Amino acid sequence: MQRMICVIFVTMKIIGRNLLLIPALCVLLCTCRRGDPSWETGLVFPIAHASMSIDNLVPDSLTSINSDGSVKLVYSTDFLGLNMDTLFDFPDTTITNSYNIPFGNPTFLPGQAVTPNTPNQTTFAVNSAQLVFGILESGILTMKMKNDIRRRIIVNYQIPNATLNGNPFDTSFTVQAAPDSIHANYLTVALDLSGYSIDFTGTNHDRVNTLTTLFTATIDPTETLPVIVYPADTVAVIATYAGVRPSYIRGYFGNQNIHIGPEESYFSVFHKVRSGSIGLDSLKMSLSIDNYVGMDARITMNSIWSRNSRTNNSVYLNHPIIGTTINVNRATYTYSDPPSAPSSYNYVFDNSNSNAKALLENLPDELGYDVTLITDPLGNVSGNNDFLYTQYGIKAKLDVEMPLNFFADQLVIADTSAVNFSSVKNKEKIEKGTLTLYAQNEFPFEAGMQIYLLDAFGNVNDSIVLAPGRINEAITGVQNNYTVAIGYSSSEIKIPISADQTQHLLNSTKVIFKTTFDTHTNPTYVKIFSSNHLDLQLSADFDYLIGK
């Protein structure tokens, strides 16, 4: 038997949350026989670190700090929006201006008009609205021009009641001559109508929803010879108006009964909460309605609810506003920014007048509504002077103010930490071992823990449960009838892991700390402060096989 000095180079360094192994000299003395020596030794190093605060429960952008350092949640969301598309829309519309020589085979000279100068009036099918004026935010006019005449023609197309910078819409194009008596020549162009102001009252200003156009065709004056035009010859413009959307519109929007919903919108407050339940001490919600439209309306909130898609549980609001008609007055012009002054209404839901608290205790990720809107309930009292700026409509906003005073049952939140074992060689020689979780808890409630191991593709390849160990709650006291943390507690939990779990850990790139909180204070509420944290350190003690 001979003694051997075996040298193992293992040292750990933590950079951020990543683990690196760098060489250092560690000398172990052992006794073995020549031939095929092998033995086990311990390998200890830290793995990951996490620090959980109230930001792991709700997004930090939604929290506000009170003067005593306690935390409240402040959230605002656009709850409902009623805009032009709700009231009416401009359908894509095609206007055909076509002309045939009525009789005979007349001869036309260069520069001579082929068509009469007669305006065409076309009515847009705009629901029950009666529009008299608009300024276009967008719109495309596509013109397909046809020429059966065997000479070039000049096509002139006008929209006399559409102006841009004071100039009426007036455009001309040259369409090449038809090649023979059988075939026509065509030209297609697309024109941008953005910014045009349009009078929709027609030629004599006695109509609504009407677009007046004027089309003329003239033999190109640069032609050198006259041409005979036959009755079968046609000159035409097929004009299609698409994507017409005004930035401002005026008229009478009609006495419409519009049902909106049931619809749901995303509610992001609790998107970090994986499961569990809470009981809230208090809650204040307010619903504000702002009408920027120059139109009277009646709004009925048929129902408002919250839905937790994880549990598929819905809670409906109980409050006098539900089912009650709200008379909403029209806005007025300001000629500034915003261009109209809204009529505004506000309704408060709290512990005293509603079950609003239950809506949030549902830990929802969706808010739903079902609404009835009646426009111009008294008829055309404005004399076609209703108005709408399409960037503004009837807006409803929901504001939530919630002090983070609550009790919790199996409330689950999570945090992710990166790990890096890429520099570890001969991983297959690392056998089973023990994880140690060091926890310093400043929250006034205890916690359970489950650790998930993620591979390079983000897939969970194993999980490790702290059973039966739990993280102790902080040292607590009572402040104004609330349980609060007045100090911290430390916990050290040993977690044996198998050889398979060890290899899964060594092949992981991230670990997820999934924490389950229980206050055990119901009906007493805990109060959360911005200084409350749960700090976690995870280290490993592995058995490393030397010599085989």
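Colleague: Where is the place of Asn-481?
Modeller: This is a predicted model: local features need pLDDT of at least 70, side-chain atom pairs count only at pLDDT 80 or more, and totals for chains, interfaces and linings use all residues. Residues are numbered from 1 along each chain as its sequence is written, and side-chain values use heavy atoms, without hydrogens or water. Strands (E, at least two residues) and helices (H or I, at least four) are DSSP runs, numbered from the N terminus. Asn-481 has its place in the loop between β35 and β36.

Colleague: Is Asn-481 buried or exposed?
Modeller: Buried means under 20% relative accessible area, exposed over 50%, and partly exposed in between (1.4 Å probe, protein chains only). The relative accessible area of Asn-481 is 70%, so this residue is exposed.

Colleague: What is phi of Asn-481?
Modeller: Most residues other than glycine have a negative phi. Asn-481 is a residue other than glycine with a positive value. Its phi is near 70°.

Colleague: How many bridges pair strand β35 with strand β36?
Modeller: Two strands pair if DSSP finds at least two bridges between them. β35 (residues 476-479) and β36 (residues 482-485) form a hairpin with two residues between them. They pair in the antiparallel sense, and the number of bridges is four.

Colleague: In β36, which residue is the bridge partner of Val-478?
Modeller: The strands run antiparallel. Within β36, Val-478 is bridged to Thr-483.

Colleague: In β37, which residue is the bridge partner of Thr-436?
Modeller: Strand β32 (residues 430-441) runs antiparallel to β37, and nine bridges join them. For Thr-436, the bridge partner in β37 is Lys-494.

Colleague: Why does Glu-473 count as partly exposed?
Modeller: Glu-473 lies in the loop between β34 (460-465) and β35. Not counting residues up to four places away in sequence, it touches Asn-441, Phe-443, Pro-444, Phe-445, Glu-446 and Ser-489 (contact means heavy atoms within 4.5 Å). Glu-473 counts as partly exposed because its relative accessibility is 34%.

Colleague: What is the relative accessibility of Asp-376?
Modeller: Asp-376 is in the loop between β28 (366-375) and β29 (386-389). Its phi is positive, near 40°. Asp-376 counts as buried because its relative accessibility is 1%.

Colleague: What is the volume of the largest cavity?
Modeller: A cavity is a set of points, on a 1 Å grid over the protein atoms alone, where a 1.4 Å probe fits but cannot get out. Grid points are joined across faces, edges and corners, and a volume is the space filled by probe spheres set on the points. The structure holds five cavities of 30 Å³ or more. The largest has a volume of about 70 Å³.

Colleague: How many nonpolar residues does the lining of the largest cavity have?
Modeller: Lining residues have an atom within 4 Å of a point; among them are Phe-90, Tyr-196 and Val-244. Ala, Val, Leu, Ile, Met, Phe, Trp, Tyr, Cys and Pro count as nonpolar, Asp, Glu, Lys and Arg as charged, and the others, Gly among them, as polar. This lining has no polar and no charged residues, and its nonpolar residues number 12.

How values were computed:
On a 1 Å grid over the protein atoms alone, a cavity is a set of points where a 1.4 Å probe fits but cannot get out, and a pocket is an open set with protein on both sides within 12 Å along at least five of seven lines; lining residues have an atom within 4 Å of a point.
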